[in-house]
Amino acid sequence: MKRIFVTGASGCIGHYVAEALIQQTDYELFLLVRDPQKLKLDLQGRSGIHLIQGNLRQIQRHRELLATMDGAVLLATAWGGAEETYDVNVTKTLQLVEFLTAGSCQQILYFSTESILDRHNNLLKEASELGTDYIRTKFLCLQNLERLPAADRITALFPSLVFGGDDTKPKSHITAGLPEVLRWLGLARFLKADASFHFVHGADIGQVVCQLLTHPESTPAAPNRGIPKLVLGSAPLAVDDAIAQLCAYFHKPIPFRIPLSIALAEVIIKVFRIEMAPWDRFCLSYRHFTHDRPVSPASFGLPTQAATLADLMQVLQIPPTLNPKK
């Protein structure tokens, strides 16, 4: 029986990943969480589930245990505060990988962010130069992971815009803000914007993780023979198409559209004296956060929970009778 170490199980993605592993495998699971009270999963449903209370910053305390693992899913991350973010996202993550690969671990699924990749899944230099502490440290960690002798045991996963959360799981930041976004759908339907993106539901991330752990041979090979970089998400979706899909779902007509431009955005920023961080300004000009070969359960012939925005609304239990204001 495989022994799998999971960090960050109490987060939104972590809940879906841990739940999928509990329900769909017989693996012995070791879940590292800072606050066990935040973990809203049934840990008594089967044997072989071990809850470990701890912080990634003290990962050396679990060195002997880590040497006995067959696989790992690394989700834990720090979001803010330069010192803690670097310590967790770079120093301690690399140390954790060192402890794992010094033992019997043959497969590590490392979660990063799509923000550090360009449209061809290569490292985006602006992420290192202009990104937030979180983005810069994720960039640095991947750089260091690719230089490790054991890099061939690592697969890097890059979730796109993550949706998910319900009464038994914490909501992602995007899902929590969705009601406010939908309030502006009535106005957004009259605008055209040149931008595109991917999205993914947490349940689909859980399915992909299960697939990669139970069938490691199905992991797509990296084009350059480096660490495989799998962007988790839907097919690329233009913003205009996304608005059209949402309007169709909520039965809102689109009588006309007015094109928006970067020049107009710059005028608005100047007139209203809007302060923008360097990374935000870069994102405004970059606009198309899309990537090669996005991966979803469908990539492996498996059912996908949220392949379209209509699917996503249904999974999130947002009825089409909802009438977003404005």
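**Ser112**

I looked up Ser112 and found it buried, at 6% relative accessibility. Buried here means under 20% relative accessible area, exposed means over 50%, and partly exposed lies in between (1.4 Å probe, protein chains only). The model is predicted, so I kept its rules in view: local features need pLDDT of at least 70, side-chain atom pairs count only at pLDDT 80 or more, and totals for chains, interfaces and linings use all residues. Residues are numbered from 1 along each chain as its sequence is written, and side-chain values use heavy atoms, with hydrogens and water left out.

Ser112 sits in the loop between E5 and helix H4 (125-130). Helices (H or I, at least four residues) and strands (E, at least two) are DSSP runs, numbered from the N terminus. I then listed what Ser112 touches, skipping residues up to four places away in sequence: Tyr134, Lys138, Leu157, Phe158 and Pro159. Contact means heavy atoms within 4.5 Å.

**Asp240**

I placed Asp240 in helix H9 (residues 239-249). Asp240 is buried, with a relative accessible area of 13%. Apart from neighbours within four places in sequence, Asp240 is in contact with Leu191, Lys192, Ala193 and Arg257.

**Salt bridges**

I used this rule: a side-chain nitrogen of Lys or Arg within 4 Å of a carboxyl oxygen of Asp or Glu. The count is eleven salt bridges.

I checked Asp87 with Arg57 and got 2.7 Å, N to O. Asp87 lies in helix H3 (residues 82-101) and Arg57 in the loop between strand E3 (49-53) and helix H2 (63-66), so this pair ties together parts 30 residues apart in sequence. Asp87 is buried at 15% relative accessible area, while Arg57 is partly exposed at 26%.

Next came Glu146 and Lys229, a salt bridge at 2.6 Å, N to O. Glu146 belongs to helix H5 (residues 133-146) and Lys229 to strand E11 (residues 229-232), so the pair links parts 83 residues apart in sequence. Glu146 is partly exposed at 31%, and Lys229 is buried at 15%.

I also noted Arg293 with Asp292, at 3.9 Å, N to O. Arg293 is exposed at 51% relative accessibility. Asp292 is partly exposed at 26%. Elsewhere, salt bridges that share partners join Glu19, Asp166 and Lys169 into one network.

**Second largest pocket**

A pocket is found on a 1 Å grid over the protein atoms alone, as an open set of points where a 1.4 Å probe fits, with protein on both sides within 12 Å along at least five of seven lines; lining residues have an atom within 4 Å of a point. I read off about 330 Å³ for the second largest pocket. Volume is the space filled by probe spheres set on the points, which are joined across faces, edges and corners.

The lining has 17 residues, and Gly165, Asp166, Lys171, Leu316 and Gln317 lie nearest the centre. Helix H6 (residues 173-183) gives the largest share, five residues.

**Largest nonpolar core**

I took a core as buried Ala, Val, Leu, Ile, Met, Phe, Trp, Tyr and Cys residues joined through side-chain atoms within 4.5 Å. The largest one has 41 residues, and those with the most contacts inside it include Phe5, Ile59, Leu74 and Leu96. Elements giving two or more residues include strand E2 (28-33), strand E4 (71-74), H5 and helix H11 (278-286). H3 supplies the largest share of this core, seven residues.
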